[in-house]
Every structure is written in C-alpha cells, then in structure tokens.
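Let's go through this structure together, one question at a time. Have the sequence and the 3D view open as you read.

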Amino acid sequence: KEILQSSIKEHAPGCVFPVLVPNAKGLQAALAAGAKEVTLLAAASDTFAQRNTNCTVEENLQRAKAVLEAAKEAQCAVRAAISVCLGCPYKGEVSPKRVAQVACRLLEDGCEEVVVCDTIGTGTAASVWRLLEALEGSGVPMEKVGVHFH
C-alpha cells in the first residue's frame, strides 16, 4: 500500500501503476491504496486454476466478473492476465480454443484487454500463431490482446 501511494505521489500525474489483483479482496486493497488500473489473474487450465487459486476456470471467471463489476463502479481500468495459455505444468498442452473462450468471457464481462501468458515458457512461434489465430477466429479484437512470453 505504502509503495503504491508513494509512487503515485512522487511521479508525474499521468503515470499509471497497474496493480496485480487475484480477487475482490485484492481489488479493494488496490483501490484503497489509490490504484486506477488493475491486472486481474485468470487461467486457461482447470488444473492450474485449482492448484493456484483453489477453484476451476469457471469459478475463476465468476469471481472475475464480480471484480470487473466492482472495478467499473470505482472507475478503475482492468486488464486480465490469462495464465498457462501455451502449456500447463500439470496437464501439458492447453487448447487455443479454451484460451479463446476464457478471453471472450473476460472481454464480454468488461476487461479492456486480455494478456495471454506463456507462464512456463513452452511456447513456440507455431503455438503462438495457433493461439492468436484462435483468438481472432473467436472474435477477439487483436487490439485488445497483449502477450507475455518467457
């Protein structure tokens, strides 16, 4: 809290510090500290979601919707970081179609951007291409897609 407040106070007025939030409690803490933008955690694999946040992807998306609604009310911008888009450490390959479904839900529920993450560093040029094609083919506007690779 103190770090964010100090950073906001000491930097230029137009500077934004996105805060990573896993849930509604995290959003409330970020807002209380002065956050104007947050990055919401999501996952594309049930196994990863279960082990990381103790819920399924569907339960995670339901939680995300509540966070998005509260953020909108607080006039806080939200992007989502979707973990394990190019491979899960527990189940292996993750379907690009599944990633696209998660991305669509997050955008429909109010995310301004979705970031597809190669959480474990298994992505290749070909797998990234397949993922981006699946996103575009599912109607996800490419200008609303960010990428995070290792």
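Q: Which strand and which helix each supply at least two residues of the lining of the largest cavity?
A: Keep in mind that this is a predicted model. The lining consists of Leu41, Ala42, Ala43, Phe48, Ala49, Asn52, Thr53, Asn60 and Ser83. The elements that each give at least two of the lining residues are strand 2 (37-43) and helix 3 (46-53).

Q: Where does the largest share of the lining of the largest cavity come from?
A: Among the lining residues are Phe48, Ala49, Asn52 and Thr53, and helix 3 spans 46-53. With four residues, the largest share belongs to helix 3.

Q: How many residues of the lining of the largest cavity are nonpolar, polar and charged?
A: Leu41 and Phe48 are among the lining residues, and so are Asn60 and Ser83. Sorted by class, the lining has five nonpolar, four polar and no charged residues.

Q: Which residues of helix 6 meet helix 5, and how do the contact residues divide by class?
A: Helix 5 passes helix 6 in a right-handed crossing. From helix 5 come Pro96, Lys97, Val99, Ala100 and Ala103, and they meet Arg130, Leu131, Ala134 and Leu135 in helix 6. By class, this contact has seven nonpolar, no polar and two charged residues.

Q: What is the orientation of helix 2 to helix 4?
A: The axes of helix 2 (residues 24-33) and helix 4 (residues 57-73) cross at roughly 20° and come within 9 Å. Angles under 35 degrees count as roughly parallel. Helix 2 is therefore, relative to helix 4, roughly parallel.

Q: How many nonpolar, polar and charged residues are in the contact of helix 2 with helix 4?
A: The crossing of these two helices is right-handed. Ala24, Leu27 and Gln28 of helix 2 make the contact with Val67, Ala70 and Ala71 of helix 4. The contact of helix 2 with helix 4 holds five nonpolar, one polar and no charged residues.

Definitions and conventions. Residues are numbered from 1 along each chain as its sequence is written. This is a predicted model: local features need pLDDT of at least 70, side-chain atom pairs count only at pLDDT 80 or more; totals for chains, interfaces and linings use all residues. Side-chain values use heavy atoms; hydrogens and water are left out. On a 1 Å grid over the protein atoms alone, a cavity is a set of points where a 1.4 Å probe fits but cannot get out, and a pocket is an open set with protein on both sides within 12 Å along at least five of seven lines; lining residues have an atom within 4 Å of a point. Ala, Val, Leu, Ile, Met, Phe, Trp, Tyr, Cys and Pro count as nonpolar, Asp, Glu, Lys and Arg as charged, and the others, Gly among them, as polar. A crossing is left-handed if the near helix is turned anticlockwise from the far one by less than a right angle, and right-handed if clockwise. Contact means heavy atoms within 4.5 Å. Axes are lines fitted to C-alpha atoms, for helices over the stretch in contact, and angles run from 0 to 180 degrees between N-to-C directions. Angles under 35 degrees count as roughly parallel, over 145 as roughly antiparallel, 65 to 115 as roughly perpendicular and the rest as oblique.
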